[in-house]
Amino acid sequence: MYDWILEASDEAGSIITANRRLARLLRTEFSAQQKLNGIKAWRTPVIYSWHDWLVSLVTDVVDQNDLPNLINTSQSKLLWEACLRKEITNSEANISNLTKLCRDTWQRLSDWEISITEVARSAQSDDQKLFASVAGSYLSILKRDNMIDDAGLAALILGWIQSEIILPSGRFTFVGFDLERPVIATMHQILKTIGAEVYLAPITTVNTGLSLRTYEQVDSELRAAGAWARQQLEVNPESRVAIVVTELDNDADLITRNIREGATPAWQYGHKSLQELVNVSYGRRLLEYPAIAIANLLLHWLVRDLSSLEVGILLRSPLLGSGTLSGRNRLELQLRQLPDRLWSPSMLTAQFYGKENGVNSKAWLAMLSEFSKSRRELPTKATSAQWAILFTDILRQFNWSRQESLDSADYQLINRWLELLNDFARLSLVSPSMSPSVAVSQLERMSNDTIFQPESTNAKIQLLGPLEASGAEFDALWVAGVTASNWPPAGTSSPLISRRLQEKYGMPDCTPDITLDHSQRLLMRLIASGTTTIVSFPRNHNDSEQVASFFLEQMDLEAQEDIDLPKLHAAELSGLTNLKEFDDLIPVVREGEQIAGGASIIQWQCNDPITAFLYGRMGVRVIYPQEVGITPLMRGNLIHDALYKLYIELPSRDTIRNWKDEDLDRRLTSSVDFAFSRHENNADQVLQQLLRLERSRVTNLLRQFVATDSARSYFKIANVEGELEFTSGHIRLPLRFDRIDALGDDIAILDYKTGSRKRLLNRQNIIQDLQLFVYAAASNLPVSALALVNIDNREISFDGAGSGYTDTNSWEKLLEEAKSDIFIACEELSAGDVRTNIEQPLQKARPLNLLTRFTELRRERN
């Protein structure tokens, strides 16, 4: 295998490959053969991809001063976009897609050595004429500014060789050029003309076994291919094993998962080496990697405000900041409870400053404060190189992707990002300066256009597309997806070049015969590149029946159905019977243990002990979706804050009755201003409008509330928004009440409810909510009444028990029974009670269902 490689890469030899992947493969193969021959040190072989070889020839020019500036892909795209925008005035046109189509067409014209003049003369449709015009402008800019792009590099080198500016010598072996491009043929001819030797690498592999398999579905076919690859490696760990899949670029992630499922079952939770066993030739867009997406999102915050969802992503990301995430996660939970809005960095720091005492959250807010300063000081214009430096400083400021935590794949990813930043910095050659928003958007587009796949040293199975496999040789090869709909693939002739011109030069896919011929040669070449080869196809795909490509029918192979098909790993696990259930004893509450939830923990303990344990002792919090508009929680807080301000002077009923006309209006306005000001300071335009409407609603509610309070029996407000502490054994619960009224020597404790109407007792005088009774148990003053105050547009009502609400003769008994229930609940909580109430409604159990196993327990009972 690769018997020719040592001779082709001797001192006089150079190997030129169709792509960089093949060049890397051949360098590895060369080293392996040298080691096999017992050689311990050797000269680095000259193995280049076609493009890299052309660039290397540029460095051979003696007088470098006269060389044109070689622009990279990003610079070329920017020039094409500029030329297109001059010709296209339609703002809805997708310039990005048009740029890609124009560049691909431009490259194809260069490969087939067709001048833009000939393209312009043959143009027939409006699109073809537009392309000819735009391409002419693009070419004029290149000539005017003495620049050359990748597409024009081959023609430049050919001209230099003919003019004897450079004279390549020796022997050149070309590998993997299955698509016969005229520019390659011209290079072969000119190299021979100047005395160089030109060879095409032979296909030395002898195919000793070819078989055809078929499977019901695509995922079954791919799992079988993965399992087959593992079997090949078990027989010979040094085997060169590859799986070639058509349309790999369309859904590389799904294809890879299915092959891993067959090759390395349980790879999802196994060692990382199980994932690395399969090396995928087609990578992902750089912007799809979390580290790069986070970097781009952070940089976008320099030029625009972010939504609550976007800010939440930055808060949760371990790729920013340092230390643990606990404090930042708490900030993000608070953010979810606020109305969705557009946040500037300064708005966010103002909202949360001093509200979270965690070290990591304080550090993050401090970084955000510096970031806000950088945002205010952004220049209105700067070169791309200056922007690259500033962007790098911003990311370093947030300790983005800190080096000490990087593994090999991450390190390669960050290096690729730095290369991209370097390419971005070079855009100043074609675009002298950019605004901040243009710079950030341009870097994001470049990230989205860049395909990246980290190299893996542990990879034993190569997953390739048909073109990536060109020129490679394998001990065992599986070619999947060879259906009539895939082979031959649909033609991709260029719509920007006239059909007549394409047919004249025999360009790719210009006629069905050309497409058919190329597809057949590619498939035959693939099959021949493996010592043993399996070709397969699914019988169904996307609800459509499939048949084998007619190329395979011509080979007269008998298809084997569904052989060696592995089961899904999860299905195998379901059959295990040796699972054991262990008793996990819950520790008792010890002195000093902090229990969250306040009085609600007692109600949870009575209703569903596991909920009390999870919320109160474990600190579990349900992550709710980001709120939109003014949330119920915010509405409640606004009313609570306004009532606190309204009654902060602790008036009596008679005092409240004396608030009339302008005096009442002034008090209501002052109370509403107090409640709303902190929210209005950090609100965007949409939220400000919503808050203006809410102001009016709350003012009306307060006016109605004052009227209702004035009509009650005599009271004097004794305290508002005060604190109590409930104690039972080692359980200590800090409590915060809304209001306490003095009724002579006794007190009444009131709790404001701003949602749907709540009842303290039901019609049978059974307690519905223990919260106020816990407050009563914590009070050192005699309590003669408890009441829920329902405040809503529909009604303002007091629903209570005790003096003024129910029979006072039964009040003391009710209160003592409630206290008894409370202390019993505390004893159970202290003892580690974690029972699950399977009688509760599913809606209540759903938020914690994953932890409580409510559904399973209920199903087992039934």
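Predicted model: local features only at pLDDT ≥ 70, side-chain atom pairs only at ≥ 80, totals over all residues.
**Entry 1. Terms and model**

Two strands pair if DSSP finds at least two bridges between them. I take strands (E, at least two residues) and helices (H or I, at least four residues) as DSSP runs, numbered from the N terminus. Residues are numbered from 1 along each chain as its sequence is written, and side-chain values use heavy atoms, with hydrogens and water left out.

**Entry 2. The sheet with β24 and β25**

I looked up strand β24 (residues 746-753) and found that 7 bridges join it to strand β25 (residues 783-791), the two running parallel. One pair I noted is alanine 748 with its bridge partner alanine 785 in β25. Both strands belong to an open sheet of 5 strands, in the order β20-β23-β24-β25-β26, with mixed pairing. I recorded β20 (716-720) and β26 (796-802) as the edge strands, each pairing on one side only. Neighbouring strands of this sheet are turned by 25° against each other on average, direction ignored. For such angles, axes are lines fitted to C-alpha atoms, for helices over the stretch in contact, and the angles run from 0 to 180 degrees between N-to-C directions. Helix α32 (residues 811-831) packs on the sheet and touches β25 and β26; its direction makes about 80° with that of β25. Contact here means heavy atoms within 4.5 Å.

**Entry 3. The hairpin of β21 and β22**

I then turned to strand β21 (residues 723-728), which pairs with β22 in the antiparallel sense over 6 bridges. Glutamate 725 has proline 734 in β22 as its bridge partner. The hairpin has 2 residues between the strands, and glycine 729 takes a positive phi near 65°. Which residues of β22 (residues 731-736) lie on its covered face? I found Ile731, Leu733 and Leu735 there, with Arg732, Pro734 and Arg736 on the uncovered face.

**Entry 4. The parallel sheet**

I traced an open sheet of 7 strands, with parallel pairing, in the order β9-β14-β8-β15-β16-β7-β19. Its edge strands are β9 (278-280) and β19 (559-561), and each pairs on one side only. From one strand to the next, the twist averages 25°. Within the sheet, strand β8 (residues 241-245) runs parallel to β15 and is joined to it by 5 bridges. Valine 244 stands opposite valine 479 in β15. Helix α10 (residues 218-235) packs on this sheet, with β7 (209-215), β8, β14 (461-464), β15 and β16 (530-538) touched by the helix. The direction of α10 makes about 165° with that of β8. Helix α11 (residues 252-263) lies across β8, β9 and β14, and runs at about 155° to β14.

**Entry 5. Isoleucine 497**

Is isoleucine 497 buried or exposed? I found isoleucine 497 buried, with a relative accessible area of 2%; buried means under 20%, exposed over 50%, and partly exposed in between (1.4 Å probe, protein chains only). Isoleucine 497 has its place in the loop between β15 (474-480) and α21 (499-505). Leaving out residues up to four places away in sequence, I listed its contacts as Thr105, Leu109, Gln128, Gln502 and Met507. Isoleucine 497 and glutamine 124 are 373 residues apart in sequence, yet 8.6 Å apart in space, C-alpha to C-alpha.

**Entry 6. Helix α3**

In helix α3 (residues 50-58), I noted Trp50, Trp53, Leu54, Ser56, Leu57 and Val58 as buried. The buried residues of α3 pack against elements including β1 (13-17), β2 (47-49) and α8 (150-162).

**Entry 7. Two helix pairs**

The axes of helix α4 (residues 73-87) and helix α5 (residues 95-111) come within 9 Å and cross at roughly 115°. That makes α4 roughly perpendicular to α5: angles under 35 degrees count as roughly parallel, over 145 as roughly antiparallel, 65 to 115 as roughly perpendicular and the rest as oblique.

I also looked up helix α27 (residues 632-646) and helix α30 (residues 685-710), which pack at an angle of about 50° with their axes 11 Å apart. That makes α27 oblique to α30. Among the residues of α27 at this contact are Met634, Leu638 and Ile639, and among those of α30 are Leu691, Val698 and Phe705.
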